[in-house]
Amino acid sequence: MTEDREVTIGFGDISWRRSGQAFRFIFSYILMIAGSLVFLMPLFWMFTTSLKDQSEVYTFPPDFFPKTWLWSNFPNGWNYPNMYFNQWLGNTLFITIMVMVGVLLSSSLCAYGFARIKFPGRDIWFMAVLASIMLPGTVTLIPLYVAYARIGWLDTFNPLIIPVYFGGGAFNIFLLRQFFKNIPVELEEAAILDGAGRLRIWWEIFLPLSRPVLAAVAVFTFQGVWNDFYGPLIFLTTPEKYTLALGINMFKGMYSTQVPLMMAMSFLMVIPMIFVFFIAQRQMIRGVILSGIKA
Amino acid sequence: MTSIAGTASSQNRVKSFVSALTATKHRRDTIEGYLFILPVVLGLLIFTLGPMVASLYFSFTKFDILSSPIWIGLGNYITMFTQDQYFWLSCKVTLIYAFTSVPLGIIGGFMLALLLNQKVKGIAFFRTCFYIPTVVPAIASAVLWSWLMNPDYGLINAALAILHIPPYSFLGQPETALPSLVLMSLWGIGGGMVIYLAGLQGIPESLYEAAKIDGANEWDLFWHITIPMMTPTVFFNLVMGLIGAFQVFIQAFVMTSGGPLHATYFYNLMLYERAFGFLQMGMASSMAWFLCVFILVMTLLVFRSSTFWVFYETGEENQ
C-alpha cells in the first residue's frame with residue numbers, strides 16, 4: 001500500500017539473542033497473517049462459491065474448493081432469464097461516466113472560486129457547503145422525489161446525474177480547495193500578466209497541476225456511483241433501467257437458491273473495484289487520509 | 001519645491017489610479033468569484049435549501065403525493081412520539097447499532113493500525129489485505145454475508161462446527177441479528193486503519209526520542225504520546241462514524257428486511273417504508289427532520305465533550 005522508504009526489517013535482520021525483540025517480531029507476523037486470512041476469507045469464499053455446482057453448495061460442512069471449477073457459472077448468471085445484466089452494466093457505466101464528468105468539472109470550478117478569488121460572502125457560502133455534508137440525505141429526499149415526480153424524472157437517470165452538475169459534492173469541493181490553496185500564487189500571477197482569464201487559468205494551470213487529487217476524486221466518485229444502492233432504488237422502477245447493484249438485489253429476491261450464480265454476479269461487481277484500487281491505490285489512500293485527518 | 005509638489009500630486013494621481021484599479025478589480029473579483037461558485041450556490045438553493053424548507057412544511061402535513069398536502073400541525077410528530085410503536089423501537093435498534101459498531105470499529109481499526117505501523121518486510125502487502133474488504137460494494141457484501149451466516153450451509157457455522165458448536169441462525173434469531181450486523185460492519189475497519197496509520201506516521205519521532213531520554217518506557221510512550229496525539233483523528237472518525245451509522249439502510253433492507261421481529265428495524269428502513277411503501281410523505285418528512293436534529297445534537301455533544309479528551313497541539317488555536 002504505502003511503500004516505506006525507510007529500512008524494513010525481515011527475519012534475517014532480527015537479533016535472536018534479544019528474545020524480547022524476536023518474540024515481538026514473530027508475534028506480529030502471526031497476528032498479521034492470521035488477521036489477513038480472516039479478512040480475505042469472505043472474498044475468497046465468494047469466489048470459490050461462484051465456481052461451485054448448485055448441489056455442491058448445499059452440503060454441510062461445505063467443501064473448501066469446488067470439485068470441478070464451473071467457469072460457466074459466470075456466463076450463465078450473466079444471461080439468466082428475466083435478468084438484464086448487459087443492460088444493467090450499460091446503465092451503470094453511463095451513469096458513472098456522466099456523474100464523473102459532472103463532479104470533476106463542477107467541483108473544481110467551485111473549488112477554484114473558493115480557493116483563489118476573494119469576494120464578499122465567500123466564506124459564508126463555503127461554510128454552507130461544509131455544513132451540507134452533515135445533512136442527512138433523507139431530509140431533502142422526499143421533496144426532491146415529489147418534484148421529480150412532477151417533472152417526469154422518475155424512472156429516468158436524471159435524478160442520479162443532473163444534481164451532480166450543481167457543485168459536484170461538498171466533500172469534493174473541500175478536497176480540491178485544500179489542494180488549490182497550495183498551488184503557488186506566482187504561477188497564477190504570471191498567467192494574469194500574460195492576459196489569461198480566470199477560466200483559462202483554471203483549465204490550463206490548476207487542472208493539470210492537480211491531477212493526483214482529481215484522480216482521487218474521480219476514483220471516489222466511481223466507487224460511489226458503482227456502489228450506490230439507495231438512489232437507484234428510489235428513483236428507478238423499471239427493471240430494464242436498473243443499475244448493477246439493483247439488479248443483483250433483484251436476482252437475490254427472485255432466485256435466492258441460485259447461490260453460485262448470485263455469488264458469481266456479486267464477484268463480477270467486486271472485480272472492477274479491486275482493479276481500480278490497485279491502479280489508483282496511492283491516490284485513494286491519500287484521499288482517504290485527507291478526508292480523515294485534515295478536516 | 002515645485003518638483004516635490006509635482007511628485008506629491010503625481011503620487012496622488014497614482015494612488016487614486018491604483019485605488020480605482022483595485023475597486024474595479026474588487027468588483028471583477030466579486031463577479032468572477034460568484035460565477036465560479038455558481039454551480040454550488042444554485043445546487044445548495046435548488047437541491048438542499050429549497051427541499052429542506054419543503055420537507056419541513058411536509059412534516060406538518062398529511063401528504064400522499066397523489067393529493068395535495070393537508071396541514072395537520074404537529075400531528076405527525078405526536079403520532080411518531082406517542083402512538084407509533086415502531087418509532088422508538090427503530091430508534092433503539094439504530095442507537096444500539098451505532099454505539100456498538102462505531103466504538104468497536106474505532107478500537108479495531110486503531111489496534112490494526114498499531115500492528116501494521118511496524119517497519120517489517122511485507123507490511124505493504126498486509127495493509128492491502130486488510131484494506132481490500134472496504135472496496136467491496138455494499139450490495140455484494142450483503143449478498144456474501146447472508147450466505148456466510150446461513151444457518152444450514154454457511155461458512156461461519158462450519159467454522160463453529162469444528163469447535164463442536166451446533167449451527168445457529170445468526171440473522172434468523174432476534175437476539176443475534178443485530179450483533180451479526182455489527183460483526184459484519186467490522187469487516188470494513190480497514191478504512192479507519194488507513195487513516196490511523198497516517199496519523200501514527202504523522203507523530204514526530206522527536207517526541208518519542210525526547211521522552212525516551214527522560215527515561216520513559218514503551219508503555220509511557222504509548223499512553224502519553226501516541227494516544228493524545230491520535231485523539232483528533234479518533235474524534236473526527238467518531239463523529240463521521242456515528243453520522244454514518246445512524247443512516248444504515250442497505251444491510252437491513254437486503255439481508256433481514258428489518259426482521260426477525262423487527263430486531264434490525266433500522267430508522268432509515270422505517271423511514272423508507274413510510275415514504276415509499278405507504279406513501280406517508282408527511283410522516284416520513286417528520287422522521288427525516290427528527291433524525292437531522294438528533295444528528296445535530298449528537299454532533300454538538302461530541303464536540304462539547306472533545307475539550308475533555310481531544311488533545312490539540314497548539315492550545316491557543318483551538319477552534
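Reply: A salt bridge here is a side-chain nitrogen of Lys or Arg within 4 Å of a carboxyl oxygen of Asp or Glu. The model is predicted, so local features need pLDDT of at least 70 and side-chain atom pairs count only at pLDDT 80 or more, while totals for chains, interfaces and linings use all residues. Residues are numbered from 1 along each chain as its sequence is written, chains are lettered from A and ligands numbered from 1 in the order in which they are written, and side-chain values use heavy atoms, with hydrogens and water left out.

Me: How many salt bridges are there over all chains?

Reply: The search of the whole structure finds 12. Three of them are across the interface of chain B and chain A.

Me: What does R198(A) meet in a salt bridge?

Reply: Its partner is D29(B), at 2.9 Å from N to O. R198(A) lies in helix α10 (residues 198-209) of chain A and D29(B) in helix α1 of chain B, so the pair joins two chains. Helices are DSSP runs of H or I with at least four residues, numbered from the N terminus.

Me: Is D29(B) buried or exposed?

Reply: D29(B) is buried, with a relative accessible area of 10%. R198(A) is buried too, with a relative accessible area of 10%. Buried means under 20% relative accessible area, exposed over 50%, and partly exposed in between, using a 1.4 Å probe and protein chains only.

Me: What else does D29(B) meet in a salt bridge?

Reply: K25(B), at 3.1 Å from N to O. Both lie in helix α1 of chain B, four residues apart, about one turn of the helix. Salt bridges that share partners join R116(A), E188(A), R198(A), K25(B), R28(B), D29(B) and E32(B) into one network.

Me: Where is R116(A), and which side chain does it join in a polar contact?

Reply: R116(A) is in helix α4 (residues 85-116) of chain A. A polar contact of 2.4 Å joins its side chain to that of E188(A). A polar contact is a pair of N or O atoms within 3.5 Å; within protein, one must be able to donate a hydrogen and the other to accept it, and residues adjacent in sequence count only if both atoms are side-chain atoms. The backbone oxygen of F180(A) lies 3.2 Å from a polar atom of the R116(A) side chain. R116(A) is buried, with a relative accessible area of 15%.

Me: Back to the two chains. How many residues are in contact?

Reply: 95 residues of chain B are in contact with 100 residues of chain A. Contact means heavy atoms within 4.5 Å. Nine residue pairs between the chains are in polar contact, both residues at pLDDT 80 or more. Helix α1 (residues 2-58) of chain B gives the largest share of the side of chain B that touches chain A, with 24 residues.

Me: What about E218(B) and R24(A)?

Reply: Their side chains meet in a salt bridge of 2.8 Å, N to O. This pair crosses between chains, from helix α10 (residues 218-245) of chain B to helix α1 (residues 19-50) of chain A. E218(B) is exposed, with a relative accessible area of 55%, and R24(A) is partly exposed, at 44%.

Me: And what does P143(A) touch?

Reply: Not counting residues up to four places away in sequence, P143(A) touches P51(B), A54(B), S55(B) and F58(B). P143(A) is in helix α6 (residues 137-150) of chain A and counts as buried at 7% relative accessibility.
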